[in-house]
Amino acid sequence: MASANSPHLEPIDALRRIAFLLERRRGETRKVEAFRKAAAVVLTTGEDEIAARAEAGTLTDLPSIGASTAKVITQTLAGRVPDYLAKLDAGPLVDQTPETLAMLGSLRGDLHSHSDWSDGGSPIEEMVATCLELGREYQALTDHSPRLTVANGLSAERLERQLAVVDGVNAHLGGAFTLLSGIEVDILDDGSLDQAEEMLERLDVVVASVHSKLRMAKAPMTRRMIAAIENRHVDVLGHCTGRLVTGGRGTRPPSEFDAEAVFAACAEHGVAVEINSRPERRDPPDDLIRLALDAGCLFSIDTDAHAPGQLDFLAYGAERAAALEVPTERIVTTWSREDLLAWTSRR
C-alpha cells in the first residue's frame, strides 16, 4: 500500500490507504465503506474518465463518489497528499518497546481472518493485497461455519467454491505469499464440529471456537471444549473465553471452564491456544495465558481480522505476548510456512 508520503500516490491508493487507517483505529464502519466503495468505482472506471471528471468537477456524478472521496481523488491527481489522508494517524498502535518490536518482527503470518464470504467487510483479494503490503508470508482465510447464520457461515458447498478461489489466488501469486485454506469452525454443544469431516480434512488450518451458549455451566463447557480439542482436525483453539472487554458490542464476561484441563488437552494434542489480538477481546486474559504457558501449550497470535485494516492488529497480540514472556519458538505464527503446514498436518 502506497504511503501518504509516496510521490507516486494514485487515487485508488489514497482511498484504500484512508480506509485501512480508519479500520486499524476502529473508525466508523460507514466511513470505511464509503472510501472502499469509492476505490472500487475508481478501479472499474477508466483513468482518463476519472481525470476528466476531476477537472470538470463531475466526479460525484459517479456512483459511490461523494464530496469527501471526490476531494481525495482530485487532490491526489493534482500531486498532493489529500487533506483527509494527511490528518489520519498512521503511527504505531502499541508502545514500541524493544520486546514488542522483536516479537512483532518475528511474526510471519496469521491463522484467523474473515472475508466477505462470511461476516468480513472485504473481498478475499483485498485482504490478500493488504497482507502483501504488510509483508506477511502467509495468511489463513478462516470464514465461519454454517451454523453461524448471523455471520453468513459457509456451507460445505460454499466452502468448496472458496477453496477454488484460494487455489486461484495462490497460482496467481506464484509462491510470493501463501493464502492458507481454513475455517473458523463452531464448537457445537456436544463438542462436535460444525462442518463435514471430509471438508475439514482438506483445509490447511482449522480454528475451533465457541460462539453459542457461552454461559454454559463449567463442567459441560469443559467437556465440550476438550472434545473439540481432541478432534484430529483442530489446530487452534480460538478466543477461548469468548469475553468482550470493550467496543460497540458492549462487554461480556468470560465463559467458565476448567482451564487447567482444557490447556492440558491442548498441550497433549498439540493444539495452539489463540492469543486473539482484537482489542475488544484480549482473549485469553493474562492469567490464562500464564496457565497455558505452564501447561506447555503452543500459541497462535492472530488478528481475527474482519477488514483489511484490522490485519494490523497483530501488534496488540505481539505486545501482550512480549509482556507475558511467551517464547517465540512456542508461537506457531513465527514459524516458516513449511514448518507450520507440517504441524497442521501432524494428526
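Let me start with a term: a residue is buried when its relative accessible area is under 20%, exposed when over 50%, and partly exposed in between, using a 1.4 Å probe and protein chains only. What you see above is a predicted model, where local features need pLDDT of at least 70, side-chain atom pairs count only at pLDDT 80 or more, and totals for chains, interfaces and linings use all residues. Residues are numbered from 1 along each chain as its sequence is written, and side-chain values use heavy atoms, leaving out hydrogens and water.

Let's begin with α2. Helices here are DSSP runs of H or I with at least four residues, numbered from the N terminus. Helix α2 covers residues 29–44, 16 residues in total. From first C-alpha to last, α2 reaches 23 Å, close to the 22 Å expected at 1.5 Å a residue, where the expected span counts one less than the number of residues.

Which residues of α2 are buried? They are Val32, Phe35, Arg36, Ala38, Ala39, Val41 and Val42. Their cover includes α1, α3, α4, α5 and α7.

Leaving aside residues up to four places away in sequence, Glu126 touches Arg16, Arg36 and Pro308, contact meaning heavy atoms within 4.5 Å.

Finally, α3 and α4: they pack at about 100°, axes 10 Å apart, the axes being lines fitted to C-alpha atoms over the stretch in contact, with angles from 0 to 180 degrees between N-to-C directions. The two helices are therefore roughly perpendicular, a label for 65 to 115 degrees. Ile50, Ala51 and Ala54 of α3 meet Ile73, Thr74 and Leu77 of α4.

How values were computed
Parallel < 35°, antiparallel > 145°, perpendicular 65-115°, else oblique.
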